[in-house]
Amino acid sequence: MRREDISNAVGNISARHIQEAMPARAVRKKVHWARWGTLAACLCIVTIGIGALLSADRASGLPNKPSVAPPVVSPTQSVQPETGSVYYSQLQLPKGRADADMFAAFSEMAVDLVAFDESMLSQCSAILEGEITNMYLKSYSYAVADDKFGADTPLNYDTKTIVYEMRIDHTWYGDDNTGDTILIEDQIIFPDETFALKVGHKYVIPIYEVGEAIEPHSAQVVSGNITRDSALSTVYPFHPQIEVTQDGGYVVSTDWATLSAAQGREIIVDVDMSEYGEFYKDKLMLLTRDAFSAQMRALMGELF
Amino acid sequence: MDDSQIIDLFFERSQRAIAELSKKYGAVCSSVSKNILGNSLDAEECVNDAYLGAWNTIPPQRPAPLLTYVCRIVRNLSIAKYHANTAVKRNSFYDEALDELEDCLSSADTVESELKAEELARLIDQFLDALDKQNRVMFVQRYWYLESVAAIAQRFGLSANSASVRLFRTREKLRRYLKKEGFDV
């Protein structure tokens, strides 16, 4: 049998499988024309700005934390249904928006998306609740061996990650490290200032161990340091992470099928959002701590 | 615009049909073709030829789903061009994917004569139905859409190595399944 025969056979598989697996269209964050016009002039300023930002963050230490008590996870036999809607602007969330420099660093990023599915959590090493106490950009420059342009002509790469410091208030799954501060290093920032992770805000984030190094390709790295600051990464950084409000509620996107099966309150998003955020404007709900806890335990029982 | 509206435009012989088709599915068609051919110019030509093919066959056909119909044309045209174009280096995702799939099948010539592509496709369909959704989507993205392992890994929040291991395990399952169904692997 020729290997092309199996390729032909795969080419003739059912339309339902092809349709199901269609990669989402590539999406690109819109960049204002004004930004292009001043890109060259701003490049050095942005670079200096990021440096100053990092210096300032490190010099000033961790920001003040809002007084949010950690949740008490108690078994509940019944979940009190809540009715009615709530405006996003009325949620008890800490003030402050995402850092513009962080978005500038990732503005050229393009990604294809597959919708979040709770089965993706099967690979996660922990699901942690805690406060983002600091965040910073990290740049990598490295070269890998490649013969594409002839022997001894390595390919050079530049990439950035965003590193979050998270103080763990509660462990929903995984080894209990409550009280510790960990680093989570992601290669993407959710491109919406409303839903991106922010310092001083609390989230529930599934993480997994991605390894000690940025994986460029399978090729050999010939120069540069590709060691990550953290081996941990967010399982699915392409949707809003579950955010914890200051009065103990949980803002959950409905792609968490089990969690959103609970009786919760619809969230009406009444704040400006990017095109990415818009996708979730009618897909958010607010759960009480008890409802969230009950559903999360049910989900953990199903998955692990 | 949904598929039925685009097909209506084809039936009306409106040139907007091509524009809307391209707007909705152009990116994924180009991606499939580029993955096979390894260069944008040939890929663009194949995608345009596929649009022409759709224009010539709709009507009378009213394909559903439209994506699969157009993408199949793109895939077939791109593979044909790949084989015809001897200048193409043997380094596209198509070749990588073929190399991986080859291990699933026997090298015995006798099997070839007995095997029909439709029958093999039916078996692969059955095999895919038995997989969980994530592994099924990863398999189809890799071997139908010819996506790179790195791109698939990124979509699923996996490391490239982890995605490779999953695909390897799925291929092993396929190999065992085909053997069970009578292929002398």
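A:Thr161 is buried, its relative accessible area being 0%, and this residue has its place in strand E5 of chain A. In this predicted model, the side chain of A:Thr161 makes a polar contact of 2.7 Å with the side chain of A:Glu185. Strand E5 of chain A, which spans residues 155-173, also holds A:Arg167, a residue that takes part in a network of salt bridges described below.

**Salt bridges within chain A**

- Over all chains, the structure holds 15 salt bridges, and one of them pairs A:Glu131 with A:Arg167, whose closest N and O atoms are 3.6 Å apart.
- Because A:Glu131 lies in strand E4 (residues 126-144) and A:Arg167 in strand E5 (residues 155-173), this pair ties together parts of chain A that are 36 residues apart in sequence.

**A salt bridge within chain B**

- In chain B, B:Asp3 forms a salt bridge with B:Lys24, for which the closest N and O atoms are 2.9 Å apart.
- B:Asp3 belongs to helix H1 (residues 3-11) of chain B and B:Lys24 to helix H2 (residues 16-37) of chain B, so that the pair ties together parts 21 residues apart in sequence.
- The two partners are classed separately by accessibility: B:Asp3 counts as buried at 16% relative accessibility, whereas B:Lys24 is partly exposed, with a relative accessible area of 28%.

**A salt bridge between the chains**

- The side chains of A:Arg16 and B:Asp129 meet in a salt bridge with an N to O distance of 2.5 Å.
- This pair joins two chains, because A:Arg16 lies in helix H2 (residues 15-20) of chain A while B:Asp129 lies in helix H7 (residues 117-130) of chain B.
- A:Arg16 counts as partly exposed at 45% relative accessibility, and B:Asp129 likewise counts as partly exposed, at 40% relative accessibility.

**Nonpolar cores**

- In soluble globular proteins, nonpolar side chains tend to be buried together.
- The largest nonpolar core has 88 residues, and those with the most contacts inside it are A:Val204, A:Leu259, A:Phe292 and A:Met296 from chain A, together with B:Leu21, B:Ile124 and B:Tyr145 from chain B.
- Leaving aside residues up to four places away in sequence, A:Val204 touches a set of chain A residues that includes A:Ile127, A:Leu128, A:Trp172, A:Ile242, A:Phe292 and A:Met296, and also A:Glu129 and A:Gln241.
- A second, separate core of 21 residues includes A:Ala126, A:Met166, A:Ile168 and A:Ile184.

**Cysteines**

- A search of the whole structure finds zero disulfides over all chains.
- For B:Cys29, the closest cysteine sulfur is that of B:Cys71, and because the two sulfurs are 4.1 Å apart, they are too far for a bond.
- B:Cys29 counts as buried at 0% relative accessibility, and B:Cys46 also counts as buried, at 2% relative accessibility.

**Confidence in chain A**

- The average pLDDT of chain A is 75, and 71% of the residues score at least 70.
- Over residues 25-82 of chain A, pLDDT stays under 50, and for this stretch the model has 82 contacts beyond four places in sequence.

Technical notes. Residues numbered from 1 in each chain as written. Chains lettered and ligands numbered in written order. Predicted model: local features only at pLDDT ≥ 70, side-chain atom pairs only at ≥ 80, totals over all residues. Heavy atoms only, no water. Core = buried A, V, L, I, M, F, W, Y, C linked by side-chain atoms within 4.5 Å. Buried < 20%, exposed > 50% of the residue type's maximum accessible area, 1.4 Å probe, protein only. Contact = heavy atoms within 4.5 Å. Salt bridge = Lys/Arg side-chain N within 4 Å of Asp/Glu carboxyl O. Helix = DSSP H or I, 4+ residues; strand = E, 2+ residues; numbered from the N terminus. Disulfide = S-S within 2.5 Å. pLDDT = per-residue confidence, 0-100. Polar contact = N/O pair within 3.5 Å; in protein donor to acceptor, adjacent residues only side chain to side chain.
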